[in-house]
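Let's learn to read a protein model together, one feature at a time. Have a look at it first.

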Amino acid sequence: MTSRRILLKGTLFGSAAALLPTAASAGGAVFRLPAPAGPYPVGMLTVHLTDPSRTDPWVGGVRELMLTVLYPARSVDGFVRAPQLTAAEAREFAGLAPHIHPGLPQPGVVDWGAVLTHGHVGAPPLPGRRPVLVYSPGGGDSRTLGTTLAEDLASHGLVVVLVDHPGDASQVELPTGMRTTVLFGPPDPATFRTMVDTRIADLRLVLDRLGSLPLAQVMDSRRIGLYGHSAGGTAAVYAARDDRRVGAVANLEGYLDLYPSQAGCDQPLLLFRTDGFDGAARIESSWAGLRGRRALLPDANHWAFTDYGSLVPRLQTAGRVTAATRTALVGTGDPAVTLAEVRRRLGTFFARHLS
């Protein structure tokens, strides 16, 4: 059993190493994600789920999900590192990115398919039963943009399940084909409600299926946490309500005014926001009166909680995005300092409540 002492071991609370230097390739500039800071190497696998009981609200048919599972590995010798995106996903993302987040580079400027994670595909898991975290990304984002934080949590002894929500995720490669987002710009109230309700059902499906996933033997079903960014944070809080399987929830700048009478949850709750988000007034209003630990990320903006927090400053340094784009997406803070603070807050919160 992973103790709190093990979870806090290493340099989780120290400075996060800056991104490795930029390299060039025929497909454009190549960028690398920061390495996890924990004592364990990271294993990785992908899982496809279907829910025959639900109809997909965006395209009809059976609801499908893709998951990435990251976990502490016993050894990674001989196991390759996974790319952040599949080749097909990278092609789609290159075209979608500047439309979903204006100011990001046009196709051909960045070789998104060459960005490697620190997850080693199929590496054997470290023995023992470990806390499980389930992550829901922001609206319009894919699960892969939560890789850096998830890898760090896994390197400190947790199993982390990243969930893609096809239809609003920018792109998801499913066994049945590629799905791209229906979202371009902020969703209207009806679309937002559909998106969050779908995500809540998706998260509950994942919780239901944890015991049948390939790594179920190392997952401790008595220690489960949910966390999410933006719409994912909204969904995580609502999904946790009345679900005794969930022991703690972290909401990274997600509105909680969709169902005002159900805004909070009984579990320990982290409410974490940036100081630069233009939706701060609505965030504060929707969080008013909730029990939970509050935290503020300084010199940051909304997507600093994601891999953009490391990638966008590097894009600015390389001349691929403007200072205004950087500020609008992730803020002006030192990316290593910002990443270290996000890692510290999430790591200590879940260590305290899932140990």
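Q: What should I know before I start?
A: This is a predicted model, where local features need pLDDT of at least 70 and side-chain atom pairs count only at pLDDT 80 or more, while totals for chains, interfaces and linings use all residues. Residues are numbered from 1 along each chain as its sequence is written, and side-chain values use heavy atoms, with hydrogens and water left out.

Q: How far should the 21 residues of helix α4 span?
A: Helices here are DSSP runs (H or I, at least four residues), strands too (E, at least two), both numbered from the N terminus. The expected span is 1.5 Å times one less than the number of residues. For α4, residues 189-209, that gives 30 Å, and the end C-alpha atoms are 30 Å apart, so the two agree.

Q: What caps the N-terminal end of α4?
A: Look for a polar contact: a pair of N or O atoms within 3.5 Å, where, within protein, one must be able to donate a hydrogen and the other to accept it, and residues adjacent in sequence count only if both atoms are side-chain atoms. Here Asp 188 does the capping, with a side-chain oxygen 3.1 Å from the backbone nitrogen of Ala 190.

Q: How do α4 and α5 cross?
A: Two packed helices are described by the angle between their axes and the distance between the axes. Axes are lines fitted to C-alpha atoms, for helices over the stretch in contact, and angles run from 0 to 180 degrees between N-to-C directions. The axes of α4 and α5 (residues 231-240) come within 9 Å and cross at roughly 55°.

Q: Which residues meet there?
A: Contact means heavy atoms within 4.5 Å. Among the α4 residues that meet α5 are Phe 192, Met 195 and Leu 203, and the α5 side includes Ala 235 and Tyr 238.

Q: Is His 101 buried or exposed?
A: Buried means under 20% relative accessible area, exposed over 50%, partly exposed in between (1.4 Å probe, protein chains only). His 101 has 4%, so it is buried. You'll find His 101 in the loop between α2 (87-100) and β6 (116-121). Leaving aside neighbours within four places in sequence, His 101 touches Asp 141, Trp 303, Tyr 308 and Leu 329.

Q: And where does Pro 98 lie?
A: Pro 98 lies in helix α2, and at 10% relative accessibility Pro 98 counts as buried.
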